[in-house]
Amino acid sequence: MSTDNGRGTATAPPVQGAGPHPSPSSAGRRPTAFAAGLAVLLLVLVALAVTAPRFATVDNVRAILASTAFVGITAIGATLVMIAGSVVSLATAQTATVVAMLFLATQHLGLGTATLVAVAAGVAVTALQGAVVGYWNANPIVLTIAAGFAIGGGATWFSGGTPVYPRTSAFEVLNSTPLGLPLSVYVLLVTAAVAQWVLSRTTAGRQLYLIGENRPAATAAGLPVGRVTVLAWAFFGACVAMTGIFLASFNTSATVTLGGTLTLDAIAAVLVGGTAIAGGHGSALRTLGGALLISAISDVLLLRGFSTGVQILAKGVLVLAVVITVHVRTTRSRR
Amino acid sequence: MFGIGSLRHALLTGALGLALLTTACADNTGSSSSPDGDSSSLQGKTIALVGYGSTNPWGAYFNKVFTERLEPTGVEITDMTTMDPGTQVQKFNQAIAQRPDLVVVSILDTQAMAVPIKKARTAGIPVLAVDGPPDPSVADDVMAVLSDNEKLGEFAAQNIIEGLEAQGRDSGKVIVLTGTKSMLVTQHRMKGFDRVMATAPQYQVVEERDANWDPKLSGDIAQQLLAKYGRDGVQAAYGMADYMALPIVQAAKQAGFPVGGKNGLVVTSSNCFKAGIDAIKAGELYGTATEDPGTIAEQSADYVQRFLGGENPPRTETVKEERVTAANVDQFAEQCSHA
């Protein structure tokens, strides 16, 4: 089976029921609809950008990168979950919020310990959901809706609805800007690189694509579906935890609503990156591109004076266009 | 050994059991009845509290103070709080069906709540709006204990003007990150803000953006606006709540802008939280204003006692708001530190 994922060809036992998929290079000599649409979009964006005041400045590039970081880190993790065929998690914002609260509440233990506690909590909560999906084939949408309510309810119960404040300000170091860029941007880049390496260079990464492409066939072929799915969700949990930690540091306190629209923003970035929502296709680097593209479009619209509502509308239209394009492409490739 | 099917059933049963146990053991803070309280004058009276949900820190503290303040009177409060505008309409309609002696509502969507308020009037159920005003079309149908949002906006403008003048600036550009613009609360704050800013035309508002009461969105917009105008292009910023102003501070610091002091960005807010008080003390936030949930909860509870006790309180009462800066921050630190 060949997998179209932008990471080279995976070697794996032949799996019955998984049809051949053309790689990007073999999909045809002519440009795909996705590539053509992306090219048009980029042309429009470039035209809008070059005519927008102060778009091409170092400060603005830094702002785009900074506003990409929080969503981008989560989206990278969500990419692995989506590639594995687990669709999406709808408990992302709630998990990030709980992690943020834990991180701030444990600041008195020291920054290192607080970070470890927060990451461990994010990984545990998310990997548990992954286990239910991976081993018992639970519907991830239903499961994560339930998990989101449970986690959000727990957070409200724990905090009484009031903000969680840190006793010390050791976390301030996470707001630092080495070489002029926020630390979260470096974490985003490292996370993307690690995720891409896992997807393209490790057995578990290749198995993720195979499982996402055809889970029953992967199971029949003896692939460790449960274990690999849990690993993907655990990585996602670590990414959500990092986002929660940076969100907490940036806002210096954590309320139940801190996660805001993180869930849908992360899903949007993954989808705009071209990852198939049904699984089996996608890459971390493309998700990074998707997150950057959304931030850049929001930035251009803001620079040109469009309202927040128009920015949200543009994001919705963009996601819809990409999802339709990817769906059409995937459908054609399976014929 | 259990099979997968048995395990699933066990898990399901366990989850249901846990849910039932949680329900049974939960402390029902939503309704209170204290016949042993120091006043039984409201014994047998019922209130439907269709307020802000406890997922919102402001709402959580309001609900706590309001409930605790009325508990000794013996009044029964049904908790129907939410932060979802659609759910609020449903709960308000349910409240009407239960025919309480009073519905207390903190309106999330003024237009959507107009029809339910009319229904309450038709049903003869009195409604008390707290914090934000109702839609003007039903303003005469409700009693109200309101935050003075225009005053809060005025305070924010005063903070900006005072801060820029203290830096010796003859001119300055200001960015504004508002709460949800469709809310009357936001519109009233901007009305007061614009009125005072108009008295200092040397300071110009160059951007007014809807940040939807969202701290993360506030940070994103601030980063982009600060990049758009550059270090010399913006001298002051107004985030409508402390949790919106502090992301502006962080965005400025990450972009290399000095904040506060003799030549840094002057940042103000207009309703206080503990984090804002700490930031004022640290010199990063020039000022804020009260609109703290405890004060309005106390006044609302007092209004309810008077109304249900048979008095005839004024149809509308406005909570006195206070401006908070470094000069008087200690005076308001406790009042502002509950949310």
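Colleague: What hand does the link of B:C272 and B:C336 have?
Modeller: This is a predicted model, where local features need pLDDT of at least 70, side-chain atom pairs count only at pLDDT 80 or more, and totals for chains, interfaces and linings use all residues. Residues are numbered from 1 along each chain as written, chains are lettered from A and ligands numbered from 1 in written order, and side-chain values use heavy atoms, without hydrogens and water. A disulfide (a pair of cysteine sulfur atoms within 2.5 Å) joins B:C272 to B:C336, S to S 2.1 Å. The angle about the S-S bond is -75°, and the link is left-handed.

Colleague: Are B:C272 and B:C336 buried or exposed?
Modeller: Buried here means under 20% relative accessible area, exposed over 50%, partly exposed in between (1.4 Å probe, protein chains only). On that scale B:C272 and B:C336 are both buried.

Colleague: Why does A:C239 count as buried?
Modeller: The cut-off for buried is under 20%. A:C239 counts as buried because its relative accessibility is 4%.

Colleague: At roughly what angle do the axes of α5 and α6 of chain B cross?
Modeller: Helices are DSSP runs (H or I, at least four residues), numbered from the N terminus; these two are residues 149-166 and 184-197. Axes are lines fitted to C-alpha atoms over the stretch in contact (heavy atoms within 4.5 Å), with angles from 0 to 180 degrees between N-to-C directions. The two axes come within 6 Å and cross at roughly 40°.
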